[in-house]
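Colleague: I would like to go through this model feature by feature. Please give the general idea each time, then the case at hand.

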Amino acid sequence: MIVELQEKTVHDTVKASGIGDRGKKQCIVSGFRMKLIHFKLKLSLLGIAMTCYTNPLLWIKSLHYLVRLRKRFLGNNKLQKMVYAGGKYYMGLYTPGWNSRVYKQFIASQLNDYMPVRGGGANRFNTVFLAITKKCALQCEHCFEWESLNKKEVLADVELKEIVRKIQARGVSQIHLSGGEPLLKMDTLINVLEQANKSTDFWVLTSGFKLTNNNARRLKNAGLTGVVISLDHFIPEEHNTFRQFKDAYYWVEEAVNNGNNNELVTALSLCATRAFISKENLMSYMELAKQLKVSFVQILEPKAVGHYTNKDVLLSLDHLKILEDFFLEMNFHPDYKTYPIVTYHGYYQRRQGCFSAGIKGLYIDTDGDMNACPFCHKKTGNVLDGSFDKNLEVLKSEGCPSYTPN
Ligand code: SF4
């Protein structure tokens with residue numbers, strides 16, 4: 001069963017594709033069709049294993065490793081849905097779309113953790129966050145870059161491009177460009193995207209402000225994969241208040257529509273505060289997300305950093321239980337197979353520890369300083385200095401300050 005997110009784009013080529021989703025911009029795929037694609041995906045994993053190892057025994061063992069890896073994160077919950085967008089199939093916001101070159105490299109990089117792969121071509125990073133500007137028109141309640149907002153820029157385009165080059169030289173599946181509000185620096189974004197090599201998927205993290213149709217088209221043409229748009233309440237006025245910006249909600253809707261219409265993968269990101277968390281509110285949010293035709297919803301937990309510094313914002317165990325139950329139900333209960341896929345880092349991090357902090361990712365702030373992640377501001381050197389690899393090892397050895405596995 002396919003739930004169409006962009007009916008008007010259904011095209012005659014759908015029939016000819018053999019899978020049936022080409023010609024549509026974005027849709028959730030479930031039922032028999034998803035099983036068929038998942039079967040093809042699993043076959044492709046064998047193909048990747050065969051390119052990674054010469055020993056046939058390792059082909060089988062490495063596939064078992066991938067199965068165990070999935071179980072570590074998701075238990076025995078069976079896949080219920082995928083996202084089809086931009087010609088690829090996605091199982092999660094932080095996994096590149098199948099069957100792209102980036103996806104193959106991503107899988108090879110996971111296998112490299114099991115047993116070094118041939119050619120030494122594994123990526124050093126899964127996901128790197130790079131803040132490209134201090135500029136922003138909003139004043140969000142939870143902003144983690146609050147102290148640097150609208151101060152003098154430190155990184156010029158040439159330095160941002162050098163950072164991307166440096167990260168890509170070590171291998172990276174995804175780079176998420178953030179800020180400030182990155183869309184206020186459209187020319188910089190285009191510059192960075194155009195000079196980057198195509199071995200990485202690029203995403204933009206935005207409030208939606210200024211994601212006009214023209215800007216969405218420019219970004220798509222420059223090679224952007226998708227946009228993660230912040231929306232913190234399903235009631236427009238509540239969102240505007242949280243963001244201290246009277247048109248914040250208007251721009252969320254604009255951004256989603258313009259993203260969808262230009263074949264960017266669209267996701268909403270929710271900062272789930274104590275005041276917001278209830279099963280009813282989360283459900284209303286998902287109804288809106290489905291109506292807006294986004295592919296993913298990301299749930300973030302508030303942290304006492306940036307604008308929330310010294311504030312009592314951490315969630316209680318009861319709040320976390322509501323979020324975790326909701327995450328599982330929304331992704332794995334058949335009743336919700338037509339809804340966007342929910343991403344919730346906290347769920348994995350509490351069980352497996354954090355994979356950022358120099359392990360599989362990091363956050364590079366607007367000064368070029370290296371941090372464990374966007375919410376853990378503990379600087380470990382500057383990405384542009386000569387000791388990058390040494391600093392990375394320090395970051396990794398110090399680990400995530402917030403999460404240790406159960
Ligand atoms: S959270 Fe993002 S959109 Fe909000 S003030 Fe901070 S940088 Fe701007």
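Modeller: Begin with the sheet: nine strands make an open one, ordered S11-S10-S9-S8-S7-S6-S5-S12-S13, with mixed pairing. Strands are DSSP runs of E of at least two residues, helices are runs of H or I of at least four, and both are numbered from the N terminus. This is a predicted model, in which local features need pLDDT of at least 70 and side-chain atom pairs pLDDT 80 or more, while totals for chains, interfaces and linings use all residues. Residues are numbered from 1 along each chain as its sequence is written, and side-chain values use heavy atoms, without hydrogens and water.

Colleague: Which strands stand at the edges?

Modeller: Strands of a sheet pair through backbone hydrogen bonds, either parallel or antiparallel. Two strands count as paired if DSSP finds at least two bridges between them. Here S11 (341-344) and S13 (370-371) are the edge strands; each has a single partner, so one side of each lacks a neighbour in the sheet.

Colleague: In what sense do S5 and S12 pair?

Modeller: S5 (residues 125-131) and S12 (residues 361-364) pair in the parallel sense, over four bridges. Phe129 stands opposite Tyr363 in S12.

Colleague: Is Thr343 buried or exposed?

Modeller: Buried means under 20% relative accessible area, exposed over 50%, and partly exposed in between, with a 1.4 Å probe and protein chains only. Thr343, found in strand S11, is buried at 7%. Contact means heavy atoms within 4.5 Å. Neighbours within four places in sequence aside, Thr343 is in contact with Leu93, Tyr94, Phe296, Val297, Gln298 and Ile299.

Colleague: What does H6 pack against?

Modeller: Helix H6 (residues 186-195) has as its buried residues Met186, Thr188, Leu189, Ile190, Val192 and Leu193. These pack against helices H5 (157-170) and H7 (213-222) and strands S6 (172-178) and S7 (201-206).

Colleague: How many residues has the largest nonpolar core?

Modeller: A nonpolar core is a set of buried Ala, Val, Leu, Ile, Met, Phe, Trp, Tyr and Cys residues joined through side-chain atoms within 4.5 Å. The largest has 94 residues, and those with the most contacts inside it are Leu130, Ile167, Leu177, Leu219 and Leu268. Helix H10 (residues 279-292) gives the most to this core, seven residues. Domain 1 (2-118) and domain 2 (124-398), with bounds from an automatic or database assignment, both contribute, so the core lies between them. Apart from it lies another core of 26 residues, including Val29, Met34, Leu79 and Tyr84.
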